[in-house]
Amino acid sequence: MIRYLTELSMDAFIKAARKVPYQNIQSELFPGIDLWIRRDDLIDPLISGNKSYKLIFNLLEARKQGRDTIVTCGGAWSNHIHATAAAGQRFGFKTIGIIRGERPLLLSAMLQDAERFGMELRFVARSVYRERGSPDFLRKVGSFEENFWFVPEGGANEYGAAGVQVLWNVIDETKPKDFDEYWLACGTGLTLGALARECPYKGRLVGVPVLSAQDAITQEVARWASVDGNQRKLEVIGGAHHGGYAKVNSALVRFQCRLEAITGVPFDHVYMAKLAHALAARCDEVHSSKDAKGGKSILLVHTGGVQGRRGLPQRHPG
Ligand SMILES: *Cc1c(COP(=O)(O)O)cnc(C)c1O
């Protein structure tokens, strides 16, 4: 059954988050572990995955302060742009998306959706976009609106982090068992970092960056975690990005197809397939090592991104 977030309120949001199902996955792809997946891709088909958690407090605050426009930024395949556009349409905000790069002749499927949801797209040169962290970025790109609320790229602000803490509380409340490890894909690193704030007293968090800028992501994770001394509860796995953001190779695509066939769960090639692939590699490694203990229970958090599957290159190298 498809569920939608129909109301902009914390109560309604938490109710929806509590209904997110967990699924047990038994497959030889992940030998020696008890694997579960939390399906946050199902919290809403359009305001999906971790982006919904990062948006909720931003939207509530914008509403409280009477702001009628949400301004944000991202690339042509940004799940955050997609979710923000959908949320604006659903809850009655005007939305403006500042998009990296020149406007292409043919918009990506994701940006077509965003326009269809009513978002105004403003394309800016990459050299300008690079300054998105600077205080006068919005003035520079002419997007300093009358009465707007700005959400940084990827939803990475304190309101976003607060939403991720809601995610942890809900996981803690609804999880089918105590997990030894919680695995998730990292873009900005906010979701992993903010979860680490609420660091499970039992269990560790493992993040898999899907970009090659691993060191920067690790730093961001630490910054968002902002808690000293819990590093041993936190691991960032390098070298699992398959060539960089949204890059794929045939081994990854084959793995993704197999995984989807086995589990019936949709995995995108940008985030979730790379996450699962890194986990499978770790399982193989541990399983075939001499001191394999096995029996670890692991929760994979499905952070969404399913709409991004449309960006999978039809032909891929290798
Ligand atoms: C954005 C995104 C992430 C990364 O979240 P961060 O908080 O930026 O690290 C992970 N998975 C999916 C599907 C995403 O869309």
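Trainee: Why is Lys 296 called partly exposed?
Mentor: Let's set its value against the cut-offs: buried means under 20% relative accessible area, exposed means over 50%, and partly exposed is in between, using a 1.4 Å probe and the protein chains only. Lys 296 has a relative accessible area of 38%, so it counts as partly exposed. Keep in mind that this is a predicted model, in which local features need pLDDT of at least 70 and side-chain atom pairs count only at pLDDT 80 or more, while totals for chains, interfaces and linings use all residues. Residues are numbered from 1 along each chain as its sequence is written, and side-chain values use heavy atoms, leaving out hydrogens and water.

Trainee: What makes Lys 296 and Glu 181 a salt bridge?
Mentor: A salt bridge needs a side-chain nitrogen of Lys or Arg within 4 Å of a carboxyl oxygen of Asp or Glu. Here the closest N and O atoms are 2.8 Å apart, so the pair meets the rule. Lys 296 lies in strand β10 (residues 296-302) and Glu 181 in strand β7, so the pair ties together parts that are 115 residues apart in sequence. Helices (H or I, at least four residues) and strands (E, at least two) are DSSP runs, numbered from the N terminus.

Trainee: Are Glu 181 and Arg 204 buried or partly exposed?
Mentor: Glu 181 has a relative accessible area of 2%, so it is buried. Arg 204, at 25%, counts as partly exposed.

Trainee: What separates Arg 223 and Glu 220 in helix α9?
Mentor: They are three residues apart in α9 (residues 214-225), so about one helical turn lies between them. An α-helix has 3.6 residues a turn, so residues three or four places apart point the same way. The side chains of Arg 223 and Glu 220 meet in a salt bridge at 2.9 Å, N to O. Glu 220 itself is partly exposed, at 26%.

Trainee: Which residues do salt bridges with shared partners join into one network?
Mentor: Glu 181, Arg 204, Glu 235, Arg 282 and Lys 296. By the salt-bridge rule, the count for the model comes to 22.

Trainee: How do you know what span is expected of helix α10?
Mentor: The expected span is 1.5 Å times one less than the number of residues. Helix α10 (residues 250-263) has 14 residues and reaches 20 Å from its first C-alpha to its last, close to the 20 Å expected. Its buried residues include Leu 252, Val 253, Phe 255 and Leu 259. Among the elements that cover them are β1 (22-25) and α11 (272-288), where contact means heavy atoms within 4.5 Å. Just after α10, Gly 264 takes a positive phi of about 75 degrees.

Trainee: Why is His 302 called buried?
Mentor: Its relative accessible area is 0%, so it falls in the buried class. His 302 is found in strand β10, and it touches residues including Ile 37, Asp 40, Val 265 and Met 272. A polar atom of its side chain is 3.1 Å from the backbone nitrogen of Gly 304.

Trainee: And is His 242 buried or exposed?
Mentor: His 242 has 19% relative accessibility, so it counts as buried. It sits in the loop between β9 (234-236) and α10, and has a positive phi of about 55 degrees although it is not a glycine.

Terms used:
Polar contact = N/O pair within 3.5 Å; in protein donor to acceptor, adjacent residues only side chain to side chain.
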